[in-house]
Amino acid sequence: MAHMAGAGTRAVSVDAAARDAAEQESAFSHPFVEPYATASYGDHADQVVDFYAPRVDPGEAKAPLVVVLHGGAWRAAYDRRHVAPFAAFLAGRAFAVASVEYRRGGAEPGAAGRWPQTLDDVAAAMDALPGLVADALPQADPRRPVVVGHSAGGHLALWAAARHRLPEDSPWRRPEPAVGGVVALAPIADFTKAGELSVCAGAALQFLGGLERFEERRPSADPAALLPTGVPTTVVQGDADIVVPAEVAESFVRAAAEAGETVRLTQVADAGHFPLIDPAADACLLVAEEITRLVTTAQTSGTVAAVTGRPGSSTAP
């Protein structure tokens with residue numbers, strides 16, 4: 001993922017590529033963490049959710065639910081196993097975690113995503129979660145979950161929160177939002193900008209079926225085309241990311257502003273693509289803070305809290 005996609009259409013220095021490779025190696029070096037439970041939301045082998053139980057004392061209030069959608073450019077080579085340590089890290093911070101698998105890849109080797117199966121699965125998983133949680137993880141509170149996605153999973157998280165903005169005839173449309181907030185980590189959030197930069201070797205274009213289907217399908221898939229959502233949203237972006245460059249997140253945030261919506265953008269200084277999901281990295285602690293903030297928001301007012309800065313990062317509306 002990193003090595004093929006990092007440069008896009010731009011030159012990437014040897015140092016930047018080496019740093020990206022080291023960050024990816026660190027993020028992928030953690031041993032797989034077995035889930036507390038696994039449940040199916042369909043008949044396909046990829047239609048499953050792994051649950052990680054929160055570390056809370058018996059008798060305490062139910063733990064807020066965080067839904068994790070993994071990245072990997074919607075390609076079959078990357079599944080939920082690589083975010084299991086991240087999911088377990090969040091569970092260790094008293095969240096109940098649901099890590100969603102979905103169908104990826106296509107007819108051609110290395111293809112990005114399946115249309116429409118990838119979106120079918122995310123919609124079906126999100127709709128099934130309340131019942132699955134009640135059975136598999138009753139200590140979790142499934143109301144107004146916060147959805148967290150990384151890279152292509154960041155796209156899926158933003159899309160899941162925007163289903164009420166889909167065209168009226170869309171089979172994925174919901175009448176109203178079903179999530180309390182989104183934390184999108186280095187997301188492929190603007191398909192047009194991602195295409196201009198050839199992010200992940202043109203993955204967004206592949207996902208939508210190529211140039212001949214891009215404009216037809218984009219209104220049903222591109223988060224930048226589904227604004228405003230009214231769902232509290234935070235984008236966390238490493239400013240040294242060469243896999244999904246910061247320009248993609250910035251373009252999405254500008255589109256939100258033009259649509260009359262404020263999206264919080266937290267830029268992490270000196271971080272690339274992978275530290276955001278690496279429990280050994282400081283950036284991962286910052287991600288957990290952003291999730292905590294949105295969980296609190298979802299449980300109380302439903303409005304986004306004021307933006308504040310912190311050493312080592314910057315925030316912008």
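Predicted model: local features only at pLDDT ≥ 70, side-chain atom pairs only at ≥ 80, totals over all residues.

Modeller: A residue counts as buried when its relative accessible area is under 20%. By that cut-off, eight of the eight residues of helix α3 (residues 84-91) are buried, so this helix is largely enclosed by the rest of the structure. The buried residues are Ala84, Pro85, Phe86, Ala87, Ala88, Phe89, Leu90 and Ala91, and they pack against the strands β2 (48-52), β3 (63-69), β4 (96-100), β5 (140-150) and β6 (181-185), as well as against helix α10 (282-299).

Arg19, which lies in helix α2 (residues 14-28), counts as partly exposed, because its relative accessibility is 35%.

As for a pair of packed helices, α4 (residues 117-136) and α5 (residues 152-161) have their axes 11 Å apart and pack at an angle of about 60°, which makes α4 oblique to α5. The crossing in which α4 passes α5 is right-handed. On the α4 side, Thr118, Leu119, Val122, Ala123 and Met126 take part in the contact, and they meet His155, Leu156, Trp159 and Ala160 of α5. The residues of this contact divide into seven nonpolar and two polar, with no charged residue.

Terms used:
Residues numbered from 1 in each chain as written. Heavy atoms only, no water. Buried < 20%, exposed > 50% of the residue type's maximum accessible area, 1.4 Å probe, protein only. Helix = DSSP H or I, 4+ residues; strand = E, 2+ residues; numbered from the N terminus. Contact = heavy atoms within 4.5 Å. Axes fitted to C-alpha atoms, helices over the stretch in contact; angles between N-to-C directions. Parallel < 35°, antiparallel > 145°, perpendicular 65-115°, else oblique. Left-handed = near helix turned anticlockwise from the far one by under 90°. Nonpolar A, V, L, I, M, F, W, Y, C, P; charged D, E, K, R; others polar.
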